[in-house]
Amino acid sequence: MNIAQQTMNSQMPESRYLYDSELGLYIDVQTITPQEAKEILAGQIKNRNVSMVVAQRYAKQMKALKWKLNGETITFGSGMLIDGQHRLHACIKADVPIKIICVVLDNNEAFNTIDSGKRRNVADVFSINGLKRTSAVAASLAVIVKVDTTGEISAAGGGRSSRIENHECEELLLNYPNLDTSVKQAQKWYKLLKIKATATSCLNYMLRRAEGRVEDDESTTLADKFLNQVFYGENLTKGSPCLILRNAFIKHVTFNAQPETRYILKAGIFCWNNWLKGKEMDRIYVASDNIIPKPDTPTINDQVRHES
C-alpha cells in the first residue's frame with residue numbers, strides 16, 4: 001500500500017463512501033490537508049508536467065476560500081495519481097485544506113481519457129444563465145476588467161493575464177451593467193469596417209461610462225453618436241476626429257493589418273477627447289506603451305455642441 005492509499009484509508013471511517021467491487025471503483029468525499037497533499041505527490045512515480053501557472057491560479061481561489069466542491073475529482077488508478085496533481089500543488093501553495101471528491105480505480109488505463117471532454121469556460125457559464133452573445137461578452141469583460149485593474153492592455157488584448165475564472169465571472173459582470181449593449185453595437189460596426197468587435201465594444205462601453213450613460217439601451221448616447229460617425233462615415237468634414245479615426249481603421253484593413261486592441265482603445269479615446277471639444281485633427285499619435293488613457297467626461301457645453 002503506497003502513501004496515497006494510506007492517506008485515503010486513514011480518513012475512511014469519517015466519510016460516506018461508495019464502493020463497487022465489480023467495477024473496481026471507490027468514491028469518497030474527503031478533506032485533504034496541505035501535508036497530505038505533499039505526501040500524495042511524494043508517492044507518485046510519474047505524471048504529466050506541472051503547470052505552475054495553473055497551480056497558482058487554483059491556489060489563489062483556495063486562499064480566498066472560493067474553491068468549491070463542484071464534482072471534480074482527484075483520481076487514483078492502481079495506486080497512481082492520474083488526475084488532480086494541480087489541485088494538490090495548489091493546496092500546498094495556498095496552505096489551506098480542501099474538500100474534494102476522491103476516486104480510486106483498480107487500474108490506471110483511464111488516464112488517457114481524463115479531460116477529453118470540453119472544458120466549461122466563462123461563455124458557457126453566461127449561456128447557462130440565459131445571457132446572449134456569451135462569447136463576445138466574455139471576451140469584452142476580460143479586456144475591460146484588465147484595463148480597469150491595471151490601467152493597461154497588451155497589443156493582443158491581455159493574453160493569459162486577463163483571464164477571468166468561471167467562479168468570479170458572474171460577480172464581475174454585475175460591475176459592468178449593460179455591457180451586452182456595447183457588444184451588440186460592436187457586432188453591427190464590425191460588419192462595416194471589420195474592426196475587432198471585442199475592442200470596439202470595450203471602447204464604446206468606456207466612453208458610455210465616462211458619459212455616465214451605461215444604463216441607456218438605445219443608440220442615443222454621445223459615445224454611440226461618435227462611433228456611428230466613425231463606422232458609417234456620414235456627415236464627416238475635413239479635420240473631424242471621426243474621419244481621422246475612420247481613415248486609420250480603413251488603412252489598417254486595406255493593408256490586411258487588423259489594428260491591435262491596444263491601438264483601437266488608445267486611438268479611439270484620443271479621437272473621442274478631441275471630438276468632444278470640437279478640436280480638428282490631421283493625424284493620430286499613439287504611444288507604443290500599453291497604458292490606456294482615460295476618456296474625458298462630456299461637459300454641458302460638449303453635450304450641447306454634439307446634440308444640437
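## Hairpin

Helices and strands here are DSSP runs, numbered from the N terminus. The model is predicted. Strand 1 and strand 2 form a hairpin, with four residues between them. G24 sits in the turn and has a positive phi of about 65°.

Y19 has Y26 in strand 2 as its bridge partner.

The open sheet has five strands in the order 1-2-5-3-4, with mixed pairing. Strand 1 and strand 4 (80-83) each have a single partner strand, so one side of each lacks a neighbour in the sheet. On average, neighbouring strands of this sheet are turned by 30° against each other, direction ignored.

Strand 3 (residues 73-77) and strand 5 (residues 98-105) run parallel, with five bridges between them. In strand 5, L105 stands opposite G77.

## Helices on the sheet

Helix 2 (residues 34-42) packs on the sheet and touches strand 2, strand 3 and strand 4. The direction of helix 2 makes about 135° with that of strand 2.

Helix 4 (residues 85-94) also packs on the sheet. Helix 4 touches strand 2, strand 3, strand 4 and strand 5. The direction of helix 4 makes about 100° with that of strand 4.

## Cysteines

How many disulfides does the structure hold? It holds zero.

Are C102 and C202 buried or exposed? C102 is buried, because its relative accessible area is 0%, and buried means under 20%. C202 is buried too, with a relative accessible area of 1%.

Notes
Residues numbered from 1 in each chain as written. Predicted model: local features only at pLDDT ≥ 70, side-chain atom pairs only at ≥ 80, totals over all residues. Heavy atoms only, no water. Disulfide = S-S within 2.5 Å. Buried < 20%, exposed > 50% of the residue type's maximum accessible area, 1.4 Å probe, protein only. Pairing = 2+ DSSP bridges. Helix = DSSP H or I, 4+ residues; strand = E, 2+ residues; numbered from the N terminus. Axes fitted to C-alpha atoms, helices over the stretch in contact; angles between N-to-C directions. Contact = heavy atoms within 4.5 Å.
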